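Please read the following note alongside the sequence and the model. The points take up the contacts with DNA, then the domains and the core.

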Number of protein chains: 2
Amino acid sequence: MPRSTSSPSPKGSPVTLAMVARRAGVSPQTVSNAINSPDLLRPETLERVRRAIDEMGYRPSRAAQSLRTRSSKLIGYGIQPAPGGDTAPVMDRFLHALSQAADEAGYRMLLFACPPGGPSLEGYEELLGRHDVDGFVLSNTARQDPRQAWLAKRGVPFVGFGRMWSGRQIGDWVDVDGASGTDAAVEHLVALGHRRIAFLGWPRGSGVGDDRAEGWQRAMRRHGLPTRGRRAASAGDIEAARIAVKPLLDAGTTAVVAASDMLALGCYHALRERNAAPGRDVAVVGFDDSPTAGILSPSLTTVAQPLEAVGGECVRLLLARMANPAAPPERVLLEPSLVVRDSTPTPGSDAPAP
Amino acid sequence: MPRSTSSPSPKGSPVTLAMVARRAGVSPQTVSNAINSPDLLRPETLERVRRAIDEMGYRPSRAAQSLRTRSSKLIGYGIQPAPGGDTAPVMDRFLHALSQAADEAGYRMLLFACPPGGPSLEGYEELLGRHDVDGFVLSNTARQDPRQAWLAKRGVPFVGFGRMWSGRQIGDWVDVDGASGTDAAVEHLVALGHRRIAFLGWPRGSGVGDDRAEGWQRAMRRHGLPTRGRRAASAGDIEAARIAVKPLLDAGTTAVVAASDMLALGCYHALRERNAAPGRDVAVVGFDDSPTAGILSPSLTTVAQPLEAVGGECVRLLLARMANPAAPPERVLLEPSLVVRDSTPTPGSDAPAP
DNA sequence: GAGCTTGATTTGAGCGTTCCAAAGGCATTG
DNA sequence: CAATGCCTTTGGAACGCTCAAATCAAGCTC
């Protein structure tokens, strides 16, 4: 009696379709059908084949399937080194989400190393040439990113995490509505009684930064609050932020919405410098919910991106694109959520822990 | 005239070995040899074939290669969700290193999602059954981790990031010498004039934690410094650490070596609570160099793991194991490095920034 | 009962590569 | 000159699967 389900083939004893077929007393093709188009078989036959598959612990060989069907069921993702500082502090969460969504759809994520600098096309070309992947997920989409156009030109399915902020829109993407996030931050602050709410962002021209600024602006306007003189820009690092936020504090700002947690931390420093306490004296809201945000003191209220949902949507759009290459591009904008912590306390309550 | 190098085949026009062969006026097998065993060919022929390959932008199909050679050139890695808190704060750096090392060796990393709880074998079995991967890299190796034994039993090559702390040693692994890291931390503190140096770790029984404690202990002993009453244990979170470190501070400790950055942060809180300044009044050293360490104030001196090197070694060991499954197991212990920041200031110098 | 449709299964071929064995060329040798 | 060897190249088969088309058995219509 052949091996049973509980001890599947160890390496080196490949169970093939043909073996299963022989055991079930059918042709190989019928076994293939049992797996790929079960509704073609008579229920009775299907049952017999399924039992044989189970008993022998059969799994179709991906290599053979890929060769025949010209589809690898693999999704490529170029992983870039986090150059510290500002970029994507939580990429592993995103990757996990991606991987999970892909797995559930019968796909897998194939990683390849992207060089630190701008994204080069080399890795993509290599994977593509060897028919290694069926499509790509892009992230860290930069302003003059050549990848979208390049991939679109050769008809390769792809989805970007992040909009294209300049030039013509190409392909599908999933992104998080930054404006909505800062808008919600302002709403939260207004509800707490704040009226002089400033925005600390990056220099104009960065798509992401302008987006986040816009949410602050529109919410302020909606409440009839002035925005003039309440906006500053700085580089992404803490030190620059500390300096940039000073004029805002001088102008009597009671709350700051920052375009990133890093910038928010710059506010913390600037406040301490003038013997003011973040949270108690001036409320601060960050953006990204980086791991650091929760462990600062006071812990930082911040806008969290729904990375799990983003990963899921990326895979969904990518599969849709593969299924129908000619479909009109689909774009998904997801809502971030405000994580309220101690840096935006309710006025009545006590000051945050020492 | 066929297409030139500069415009490689767009999707759907696969250049095959046979096409190249025809163009070079040789048999397909010769082209295969030109790629896999160039020394078999007459230099003249080799040159001709190479030119044809270049001109046509040929790339061997991975699927066909895998089918024939039974080797996918893929390395599996089960990515787990970071459950926040304590674990692996910088997994993306490790993944990038892994990916890069694999790429350079002609391999690629294949991701699959591990369920949050304990590592299950399901994903591994699936990948293996379909001959999808040639081997695995394991991380987050837990105490009662069944994966090593399971993989070893069926002769699947694997490398663990992390030693096995209990039971029989199985297979190859790469790890970071935690004891050496805390030892170096003590050396550093002693050089700064500290003598009452405490250790804040996790409850005994965690392999990693005991290792780190041991380095502190041996360095203390080497310098003839007492360790009794200078050691405390707490859970991994900040709050627990804050409480656990109190007795140490009460005992007049001037420096604390913590088993993680998170624990070190707990020290920060405990110190502030008693109106003492981390760095100025009591030196603190963390472990892991998490992104947070550099942006705390004062910035945290911490022990950094050489993740890039770990990734490289993992791939190296794995390839060696594949090349020679019967070789004796290889274990690599890498040295961490101390990153000195403001939480361990030189006595003469000014206190850290406000 | 001949002709047609429907449903279930099989046959034959081929995806692109590498393995194996064998063939061809050319020089060296008895 | 035929036999031997080496070096280079080739032909055929196979890896495990799925596509397209062919086959076969029934059921139905007129």
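1. A polar contact is a pair of N or O atoms within 3.5 Å; within protein, one must be able to donate a hydrogen and the other to accept it, and residues adjacent in sequence count only if both atoms are side-chain atoms. In this predicted model, an N or O atom in the side chain of B:Arg70 is 2.2 Å from a phosphate oxygen of DNA strand D.

2. Of the atoms of DNA strand D within 4 Å of the protein, 63% belong to sugar and phosphate.

3. Which helix gives the most to the surface near DNA strand D? It is α4(A), with 5 residues.

4. The domain assignment, which is automatic or from a database, divides chain A into domain 1 (17-60), domain 2 (74-176 + 307-334) and domain 3 (178-305). The centres of domains 1 and 2 of chain A, taken over C-alpha atoms, are 36 Å apart.

5. A:Phe94 is among the residues with the most contacts inside the largest nonpolar core, which has 54 residues. Such a core joins buried (under 20% relative accessible area, 1.4 Å probe, protein chains only) Ala, Val, Leu, Ile, Met, Phe, Trp, Tyr and Cys residues through side-chain atoms within 4.5 Å.

6. Residues are numbered from 1 along each chain, as its sequence is written. Local features need pLDDT of at least 70, and side-chain atom pairs count only at pLDDT 80 or more.

Note on methods. Chains lettered and ligands numbered in written order. Heavy atoms only, no water. Buried < 20%, exposed > 50% of the residue type's maximum accessible area, 1.4 Å probe, protein only. Near = heavy atom within 4 Å. Helix = DSSP H or I, 4+ residues; strand = E, 2+ residues; numbered from the N terminus.
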